[in-house]
Amino acid sequence: MPATDPHPDEVDRIVAAWQRVRPDLDVEPLTVFSRVSRLGRHLDLARRGAFARSGLEPWEFDVLSALRRAGQPYRLSPGALVTQTLVTSGTMTNRIDRLEERDLVHRHRSPDDRRGVLVELTDEGLRRVDGAMTELLQVEASILEVLPPADRSHLAALLRVVVGPFED
């Protein structure tokens, strides 16, 4: 446990136990990644709650938010949605079908390609995704309130460096 921290957390206790039973190991990575993992679980629950208040599942928010970010008229090809959401084309077809059943999106023929299809947000889809985004930002801002703004920016920059090699 760090001597400078008067409030050890569960990760400090886990690290201390590993140091005690395996002093030959450098357990420093646990001090970062165990906290990132734990934060990820808490964040996942908070996000699910934010989306649920707008009547959406996380996967629904992913698809609807990709369409919303496209700007008016809020439409993309299924291929562009696959690229942005990192799912297979079969999964995306299923998701579009389910969103269409809920009247959150509509399919339209592409004006540029007779065989192509575009997926477009409905008014209800737009209302839901905007509501979910507002909820999400409120939840995430409250989580970050424990840090001063400069520390938030620094944390974001550090995480960008760590995540970067996975996304190149």
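This note sets out a few points on the fold, the surface and the salt bridges of a predicted model.

1. Overall architecture. The chain contains 7 helices and 3 strands, and these follow one another along the sequence as α-α-α-β-α-α-β-β-α-α. The radius of gyration is 21 Å, well over the 15 Å that the globule rule gives for 168 residues, so the chain is more spread out than a compact globule. Along the principal axes, the C-alpha atoms fill a box of roughly 65 × 30 × 30 Å.

2. Burial and surface. Of the 168 residues, 27% count as buried, while the chain exposes about 11500 Å², with carbon and sulfur atoms supplying 56% of that area.

3. Charge. There are 23 positive and 27 negative side chains, and the centres of these two sets lie 3 Å apart. A search of the whole structure finds 14 salt bridges.

4. Helix to helix. Glutamate 140 and arginine 47 meet in a salt bridge at 2.6 Å, N to O, which links helix α6 (residues 123-144) to helix α2 (residues 28-52) across 93 residues. Glutamate 140 is buried, at 19% relative accessible area, whereas arginine 47, at 33%, counts as partly exposed.

5. Strand to strand. In the salt bridge between arginine 75 and glutamate 120, the closest N and O atoms are 2.7 Å apart; arginine 75 belongs to strand β1 and glutamate 120 to strand β3, 45 residues apart. Arginine 75 is partly exposed at 32% relative accessibility, and glutamate 120 is buried at 16%.

6. Helix to strand. Aspartate 97 in helix α5 and arginine 107 in strand β2 are 10 residues apart, and their salt bridge has its closest N and O atoms 2.6 Å apart.

Notes
Residues numbered from 1 in each chain as written. Predicted model: local features only at pLDDT ≥ 70, side-chain atom pairs only at ≥ 80, totals over all residues. Heavy atoms only, no water. Helix = DSSP H or I, 4+ residues; strand = E, 2+ residues; numbered from the N terminus. Rg over C-alpha atoms; globule rule 2.2 N^0.38 Å. Buried < 20%, exposed > 50% of the residue type's maximum accessible area, 1.4 Å probe, protein only. Areas by Shrake-Rupley, 256 points an atom, 1.4 Å probe, with all protein chains shown as cover. Lys, Arg positive; Asp, Glu negative; His and termini not counted. Charge placed at Lys NZ, Arg CZ, Asp CG, Glu CD. Salt bridge = Lys/Arg side-chain N within 4 Å of Asp/Glu carboxyl O.
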